[in-house]
Amino acid sequence: MVMTDPIADFLTRIRNAQKARFDKLDIPASKMKAGLARILKEEGYIKNFKLIRDNRQGIIRIHLKYGENRENTISGMKRVSRPGCRVYVGHEEIPRVLNGLGINILSTSKGIMTDRQARRDGVGGELLCSVW
């Protein structure tokens, strides 16, 4: 099966797993998805992730994080730049998510990074998604 938007699939799988209260989920691996998982872990939205090698492309196992009363740590996720409509921003034009309470994830020439890192490093790029 050909997937046209693997990042939207990644976000949807996490969203669905949180709604179903799963502790972990498996996602087909890629460098882009591994970068997104790394950022979600660094920012405290997920507990951990692990790359599992197999004979094909591999699997990313994500361990989801919940609050004290099993409330979601991720309130929402939105795909910004899509295959049909790419969104590129300079470092001065990077929007804030809920006045800094959420993050934007960008694909830049220096790799996948958050909006704060991109502003600090002075690089722009493709605005992949927003998480809050």
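## A buried aspartate

Asp 115 counts as buried because its relative accessibility is 3%; buried means under 20% relative accessible area, with a 1.4 Å probe and protein chains only. Asp 115 lies in helix H3, residues 115–121. Helices here are DSSP runs of H or I with at least four residues, and strands are E runs of at least two, numbered from the N terminus.

Leaving aside neighbours within four places in sequence, Asp 115 contacts Ile 94, Pro 95, Ile 103, Asn 104 and Leu 106. Contact means heavy atoms within 4.5 Å.

## Basis of the model

This is a predicted model, where local features need pLDDT of at least 70 and side-chain atom pairs pLDDT 80 or more, while totals for chains, interfaces and linings use all residues. Residues are numbered from 1 along each chain, and side-chain values use heavy atoms, without hydrogens and water.

## Nonpolar cores

The largest nonpolar core has 28 residues. Such a core is a set of buried Ala, Val, Leu, Ile, Met, Phe, Trp, Tyr and Cys residues joined through side-chain atoms within 4.5 Å. Phe 10, Ile 14, Ile 62, Leu 64, Ile 105 and Val 131 have the most contacts inside it. Elements that each supply at least two residues of this core include H1, H2 and strand S8 (125–131).

Beyond four places in sequence, the contacts of Val 131 include Leu 40, Tyr 45, Ile 74 and Ile 105. A second, separate core of 8 residues includes Val 80, Val 89, Met 113 and Ala 118.

## Helices H1 and H2

Pro 6, Ile 7, Phe 10 and Ile 14 in H1 meet Met 32, Lys 33, Leu 36, Ala 37 and Leu 40 in H2.

Methods. Buried means under 20% relative accessible area, exposed over 50%, partly exposed in between (1.4 Å probe, protein chains only).
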